[in-house]
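Subject: Structure handover

Hello,

Here is the structure we talked about. Please open it alongside this note. My findings follow below.

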Amino acid sequence: MLTRRQLLTGAAVTTGAIVLPLTAADPSVAEPLRGDHHDHDGPFALGVASGDPLPDGVILWTRLLRASGPLPARPVGVEWQVALDERFRRVVRSGHATAWPQLGHSVHADVRGLLPGHEYHYRFRALGELSPVGRTKTAPPPWLDGGRLRFGIVNCQDFQNGYWPAYTGLAAEDLDVVLHLGDYIYEYDPHSAYADRNHTTPRTPGLDQLQTLDDYRARHAQYKGDPALRAAHAAFPWVVTWDDHETENNYAGLIDEIDDTGAQHQSPEQFARQRAAAYQAYYEHMPIRANLRPGSPDLRIFRRFDFGRLARVNVLDTRQYRTDQPGGFPGDFGLPEAGTANTGGTLTGADQERWLLDGLDRSPARWNVIAQQVMMSRTKLPNPTGGVPPVLANLDQWDGYAPQRTRLLQHLADARVANPVVLAGDIHSSWFSELKLDFDRPEQPSVAVEFTATSVSSDFPIAFDAPLKAVNPVLNPHVKYFDGSRRGYLRCEVGKDAWRTDARTVDTIATRTAPVSTSASYVVEAGTSSISRS
């Protein structure tokens with residue numbers, strides 16, 4: 001029987017596999033891997049990826065799967081190499097891992113002993129064949145004060161809704177890291193306008209949701225099969241976190257989606273089993289440093305990364321520990337007062353909130369980033385029916401947990417946290433905002449800024465775009481930029497004195513290829529917490 005210790009030392013964590021010293025003086029510190037990666041049905045159909053960069057290390061990921069189907073249910077030995085050049089003439093690290101069938105033949109090699117701020121190339125060999133080559137980069141040294149950090153922000157990539165030319169554009173950027181803020185897969189049944197974009201069929205069609213580990217594995221593999229996504233993963237290290245659709249729409253902790261009835265509805269005990277399957281499949285397909293316990297509905301993924309003394313990135317999980325959305329409204333859209341009155345509500349849970357505040361208080365960084373899923377800015381939305389009430393709130397966002405938002409923003413002000421920047425996704429549109437202690441007093445100085453990225457492909461109702469642009473100056477004056485008409489990603493460049501965010505968008509997701517252009521650029525000067533158009 002496979003033991004938990006074998007899982008952790010084999011497929012999940014392979015820090016002990018580092019066998020060679022790093023030296024630039026010896027250009028041939030390891031024998032090259034032999035194999036042929038041109039086999040159309042080779043075991044690397046899902047590509048390769050890297051993530052969670054540290055100054056001395058990075059996670060290398062792959063999952064062995066042939067295009068024609070899964071491998072036999074037996075362990076498979078996997079070799080990996082890290083080199084200074086893409087032809088692997090200067091290999092500096094190599095090692096072995098075991099791809100266990102109990103973990104979907106996934107591999108997470110936690111490679112250490114690398115130099116800070118360096119670019120590396122990596123590859124795997126299994127079953128006599130070589131993987132594609134990936135490129136990664138370590139974080140800068142902790143003492144580095146200054147420099148430049150360039151990163152992309154992506155989220156919400158509904159496979160059925162269209163193609164991903166944004167990922168082709170992202171892969172061509174000059175970036176140090178990519179942040180994915182959730183909704184990496186969607187759980188819905190097959191139903192697409194594009195014949196080649198229909199979702200995989202789950203074990204129980206008609207529920208419009210996934211339930212089993214096989215369901216989630218198949219959906220993740222389908223998404224990873226897209227060549228644009230594989231190219232973006234191979235180009236940079238990623239830091240990922242989930243939102244709701246990796247498990248189920250608008251879930252909260254172990255509470256099922258509010259609109260589920262009949263066969264769709266699950267008790268907390270039933271939902272815990274579904275969440276365990278979803279979390280395991282997520283781990284199996286992501287280059288993430290985490291301690292998975294197979295069969296458990298819990299997996300800690302909140303964590304932080306320092307990029308020298310320039311930026312500290314706190315990555316949150318606002319799904320696993322949250323209390324239920326307040327009010328019981330269909331779709332979790334309802335009265336703003338329900339969120340204001342939610343004094344016991346939390347998006348993070350108490351432990352994660354303490355962890356976040358401690359990391360902000362002790363941060364040596366010039367810029368302090370809170371990378372999370374749902375928009376923090378208060379957002380009044382006109383009632384699309386024109387009826388009563390005239391204004392609604394999305395209570396699945398921080399608007400549903402307004403007291404915790406106030407508590408966090410007050411802490412940023414009282415502790416004088418240096419240059420706080422909140423990042424978000426989820427809403428399939430771009431929102432650049434200034435965060436206030438009292439959103440009803442727009443004349444107040446802001447205490448932080450927020451950049452919310454549009455989706456890669458998920459839909460934003462175009463009928464709402466123009467009305468929101470018209471009413472935002474009145475209902476949401478703290479919002480400095482909004483666009484719901486385009487899909488894409490954000491590109492951020494951070495220096496000691498300023499932060500620049502570019503909205504990089506495509507005009508269509510109806511084709512696999514489309515040019516990427518910059519539709520807006522905004523700058524935050526250090527020490528101001530205000531956004532200005534560049």
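On a 1 Å grid over the protein atoms alone, a pocket is an open set of points with protein on both sides within 12 Å along at least five of seven lines, and a cavity is a set where a 1.4 Å probe fits but cannot get out. Lining residues have an atom within 4 Å of a point. Grid points are joined across faces, edges and corners, and a volume is the space filled by probe spheres set on the points.

The model is predicted: local features need pLDDT of at least 70, side-chain atom pairs count only at pLDDT 80 or more, and totals for chains, interfaces and linings use all residues. Residues are numbered from 1 along each chain as its sequence is written, and side-chain values use heavy atoms, with hydrogens and water left out.

Largest pocket

The largest pocket holds about 810 Å³ of space. It is lined by 28 residues, and Phe333, Asn394, Ile427, Phe460 and Pro461 are the closest to its centre. Helices (H or I, at least four residues) and strands (E, at least two) are DSSP runs, numbered from the N terminus. The lining has 13 nonpolar, nine polar and six charged residues. Here Ala, Val, Leu, Ile, Met, Phe, Trp, Tyr, Cys and Pro count as nonpolar, Asp, Glu, Lys and Arg as charged, and the others, Gly among them, as polar.

Second largest pocket

Its volume is about 460 Å³. Of its 20 lining residues, Arg63, Leu65, Gly69, Pro70 and Ala221 are the closest to the centre. Helix α3 (residues 213-224) contributes the most to the lining, with five residues. By class, 11 are nonpolar, five polar and four charged.

Cavity

There is one cavity of 30 Å³ or more. The largest cavity has about 50 Å³ of space. Its lining is Thr348, Glu353, Leu356, Leu357, Trp398, Gln404, Arg407 and Leu408. Helices α7 (350-361) and α8 (402-414) each give two or more of these residues.

Ser529

Where does Ser529 lie? Look in the loop between β24 (516-525) and β25 (532-533). Ser529 has a relative accessible area of 12%, so it is buried (under 20%; exposed is over 50%, partly exposed in between, with a 1.4 Å probe and protein chains only). Leaving out residues up to four places away in sequence, Ser529 touches Pro420, Glu434, Ser446, Val447, Ala448, Val449 and Val524 (contact means heavy atoms within 4.5 Å).

Best wishes
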